[in-house]
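My notes follow in the order I looked things up.

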Amino acid sequence: MEYLQWNSVIASYFFNPEKAGKEVLLYITKKEIARLGIKHLNFQTEEESWEDYCDVVSKGLRNSGRKKPLSDNIKLSIEEWSKYSKWIYEQNNSHPFEINCIPVTDPVTAIAYPFFMAFIPLLIIPLTQSNIGVRSNAYYGPLSDFLNNNNISTQKESTSSFAQIDAIWSQLEIWTKIYYKTDLGIFTERQFGNPNWRYVGKPFSQCVLTPRNIRDIPKMFWSANIAPFSFISDLQLERTIFRYGYMSAGFSQRVVDVFNDPGNPLKKIIIDIVRLEFTNWQGDVIEYDDDDKNDKPRSGWSYGTLLSAFNLTAKNETFHHFYHLFSKNDFPEDLILNDAPVIHMANGFSEKIIESFKQTLEWTDVENKWRATPSKSEILLYISGSYFGLPSDTYVETDKISLVSKMFLLCPIDKRKSIDDWGETFAPGSFKEIDYLCIPEGYCLYRFQNPTVEHQSEQLLKFKNEKKIELKGGIKITNREFMPIRLPSVWLSGTLGNEKLYLEYVLDQQKIYLYRNDAIPEEFFLPEAIKTGFFFTIKMESESLLGDDIPYRIIESSFSPLDIIEDNLAKRNCRGELCLPNETEFVRGSNAIYNNWLRQQSCSMEFIPVDYDTVAFQLSYEPYLLTNGNLILEYLTLKRNVNYEEFSTVMEALDASTLARDDKYHKTNPKYVKKQAINYYDFAGFLDYDYSLDKITINKPQILVVPSIKSVEAILIGGRTGKFVEAIITASAEYKINIRIIPQQRQIDQYFIPDTIKLIPAECPNSTQAWISLRKLADKLNIEFYILTKPYSTPQIVQFGLQDFSANLKEYKSYILENYAVNIKDFAWARKTFNTETLAFEKDISSTIDKNLSLQEYFLQYRYRYILWLDGTSYEVDRNWGRFLLLAELKKHVIFYSNEKKILAIPKLIELPRLIAESITLLSGSTPYFKKMDVDGKNQIFKLYVNVPKLFAENLFKKFNQNIQPNLHI
């Protein structure tokens, strides 16, 4: 291989879009290098890969032969990069520049990486593969031995040679921050004042903690009872690392030695890394399998924070204390803490938990594996709940002091003098002790505003030295790009309340001043008329800001169906599982690729009626509003591929800014809402969601016909944007096609499901001309519209293909009996049993399982598993297939149908297997709605699917061994 090939492989390992906005440490081992060569450069063995890497780096960038010492080769690569880097960046990496016939721009990532990246592992690996002490004089010897033993260089390295290559670190920082604006990750050059550490400290700082150490840092906080999002002083953090780092996070003796050496400058580096991880920690405490390759989650807990809060009643001068449980993880639906259910309120906060102030609280829910504790800080700061989307008269604990807003401080009596002395520095009337009833015993409460002097000793009351801007909220497409709807706001930390921020367009330096939030002085608003497609920075008048050189952009929502590559969609077999490579019949997107399409003739008249009534063309249309579900679909369309966490983040962003949850129908746990929503998006044909791969892929735009008695009607599925819908509406006038924008049922607003877009051809003499009009529209806009040509041309009935291709219960049972017998240990603490009366999985603490016939749900290894016991043998099954299989074995019938209204009713807690669920949903394009009905003397909530022809209902009953139940009164 050539040097630049290895250079790209190693650079992309460290810096890639997944690291955007995150600090990157350059820890790497010999084994990881060898594996990268196997994965990306097609070496067969680790030995072969490593030997090639050593050979390549020994010859250097220009392949000019081994230089002695190696630092000469590194120096050359730094000089070459300094010479060309700015020109490469300004050319946007699109140039023919090559070195040794290898393009400097990587053909896969389209990025030109710094020429010296392949050398960096040589500076790191000697530290990661040995247990040498962390001393300034303990580096050059092991480095030289390593280079000699691997035939890279025979000459010893020294301080003088390292002085020649010290620019490698600053050049890398410039590349990540100036050239790529943090889009591939952030590298920070660590500066050392001690001359003994000036050069060697930089490689040490990258690998004194291993990636596994960093991954396990939350275990250290768990052991120390330090909740996420709580305040922790530097001294407390140092003590925590020293006490728990070795046992809980696996810190090496090397780290212990650093903390035993008061003058070691690496101590601050370690503390900074641990604090950064604490700041980013969301409360997950995970145990991993010891597999050296995969590090798969085995089990885990969620750690929530009990944030102290209060409000004051001036009339009777009373202090009312309570807690909010706060977590960025969704609360379980049945979370119980302190023997009471925890109810989600908004923005990660629970409803009030009435409890007196007590910092020794520790609440756990063993069943759900949740734990919550309050802050251990001696003094507590409080700020208005408006900062968190809570009532403004509630004051909530925070770890940041505001220099402008009204705040409260709760401190022990033994700190009264220190706080009173600090209060003397305030302007008259800006600092006052509050002497109300029910203030915690042994504590004092103060109100203050506009501090001008920081406290001398309390770290919580010290000011930030630098003002910094940060964009929060909005809907982010990439690291620095946002959608034009729901713009982010700009937050200025350390504000004094008199600053003037402005937006400046990079292209023409046009300035637009930002408006400050009257209620939250730290928050500023971007102008609604902001230009799309143009980069801008946020600056402050008369003063520089940290981050004011980072450009952002509001993107244009440009989209073409040709942007979506159909082959990227998952292929699914008849059970809805991912196909094996050799399977030739499958479902991709919403379409069955198989050879039985002639069978659709049995239902063709329901979709392409013979007795056709001509429809009049209408010029007026309902507006297509880019809100809620339509906005989420636009986001998914622009992204193409996302994971569940990204989908959840957008759901949360909309949920935080809507009043939907104030409605009596909208008190459902957000975790359930998001999981149900992604299923609805999948079954409505907008996307494909694969739980096992955590992959959400947008479907191609497609028109498909739906059942209609007297005319041809169709719906639009797949990805779309507002501008694309406008293009459809414009083109529809040419072909005289009526467009209807149909909102989903009001009662399911909380799921943010996109509108149904219905297309109805007009002015057509018959059904054939009607569907031909749809095909012409589809062809014009590159929308999919599948046609069958035998025995005659007619639209493919997508819904029929999904239902017909899907396995039936008998086939599924045979498959699992043959392939999925398992021997799983019964963990009663992780088990729920399916109750066939309530149709829910319920906690089951019994010591025995019905091994003749039962269905169990386990939450193990950080995922759900479903185990069906049948005649003494256990089988792993799909959740939805498993429930219907159990119900069929018991001959319990739960599906109902109204022939009069063509409505299919299924209990709310039951979900159809994915292919069937999609086939039924696509008959109308409308998500099922809920209704409470009396069945067999019991009130149950049912999901109602509309526009379901009788033939589809009968076929569904047959597939699941369900008898048609008496006609419902709906």
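Where does Phe-229 lie? I found Phe-229 in the loop between α11 (217–223) and α12. I kept in mind that this is a predicted model.

I checked the backbone of Phe-229 next. Its phi is positive, about 65°, although Phe-229 is not a glycine. Most residues other than glycine have a negative phi, and most peptide bonds are trans. Phe-229 has 21% relative accessibility, so it counts as partly exposed; the cut-off for buried is under 20%.

I noted Asn-947 for its backbone too. It is not a glycine, yet its phi is positive at about 60°. I located Asn-947 in the loop between β47 (938–945) and α26 (950–959). Its relative accessible area is 25%, so Asn-947 is partly exposed.

Which peptide bond did I mark as cis? I marked the one from Lys-790 to Pro-791, where omega is near -5°. Pro-791 sits in the loop that runs between β37 (787–788) and β38 (794–795).

**Entry: α12 against α14**

I followed the chain into α12. Helix α12 covers residues 234–248 and packs on helix α14, residues 266–280. I read an angle of about 100° between them, with the axes 10 Å apart. Angles of 65 to 115 degrees count as roughly perpendicular, so α12 and α14 are roughly perpendicular to each other.

I listed who makes the contact. From α12 come Asp-234, Leu-237, Glu-238 and Ile-241. From α14 come Lys-267, Ile-271, Val-274 and Arg-275. I sorted the residues by class: four are nonpolar, four are charged, and no polar residue takes part.

**Entry: α22 against α25**

I turned to another helix pair. How do α22 and α25 run, roughly parallel or roughly antiparallel? The axes of α22 (residues 798–805) and α25 (residues 914–921) come within 8 Å and cross at roughly 155°. Angles over 145 degrees count as roughly antiparallel, and α22 and α25 are therefore roughly antiparallel to each other. I noted that their crossing is left-handed.

On the α22 side, I found Gln-799, Leu-802, Gln-803 and Phe-805 in the contact. On the α25 side, I found Leu-915, Ile-916, Glu-918, Ser-919 and Ile-920. The contact of α22 with α25 divides into five nonpolar residues, three polar and one charged.

**Entry: the cores**

I looked up the largest nonpolar core. It holds 121 residues, and Phe-647, Leu-904 and Leu-912 touch the most other members.

**Entry: Gln-676**

I went back to α19 for one more residue. Gln-676 lies in this helix, α19. Is Gln-676 buried or exposed? With 9% relative accessibility, Gln-676 counts as buried. I checked its contacts, setting aside neighbours within four places in sequence. Gln-676 is then in contact with Tyr-751 and Glu-911.

How values were computed: Residues are numbered from 1 along each chain as its sequence is written. This is a predicted model: local features need pLDDT of at least 70, side-chain atom pairs count only at pLDDT 80 or more; totals for chains, interfaces and linings use all residues. Side-chain values use heavy atoms; hydrogens and water are left out. A nonpolar core is a set of buried Ala, Val, Leu, Ile, Met, Phe, Trp, Tyr and Cys residues joined through side-chain atoms within 4.5 Å. Buried means under 20% relative accessible area, exposed over 50%, partly exposed in between (1.4 Å probe, protein chains only). Axes are lines fitted to C-alpha atoms, for helices over the stretch in contact, and angles run from 0 to 180 degrees between N-to-C directions. Helices (H or I, at least four residues) and strands (E, at least two) are DSSP runs, numbered from the N terminus. Angles under 35 degrees count as roughly parallel, over 145 as roughly antiparallel, 65 to 115 as roughly perpendicular and the rest as oblique. A crossing is left-handed if the near helix is turned anticlockwise from the far one by less than a right angle, and right-handed if clockwise. Contact means heavy atoms within 4.5 Å. Ala, Val, Leu, Ile, Met, Phe, Trp, Tyr, Cys and Pro count as nonpolar, Asp, Glu, Lys and Arg as charged, and the others, Gly among them, as polar.
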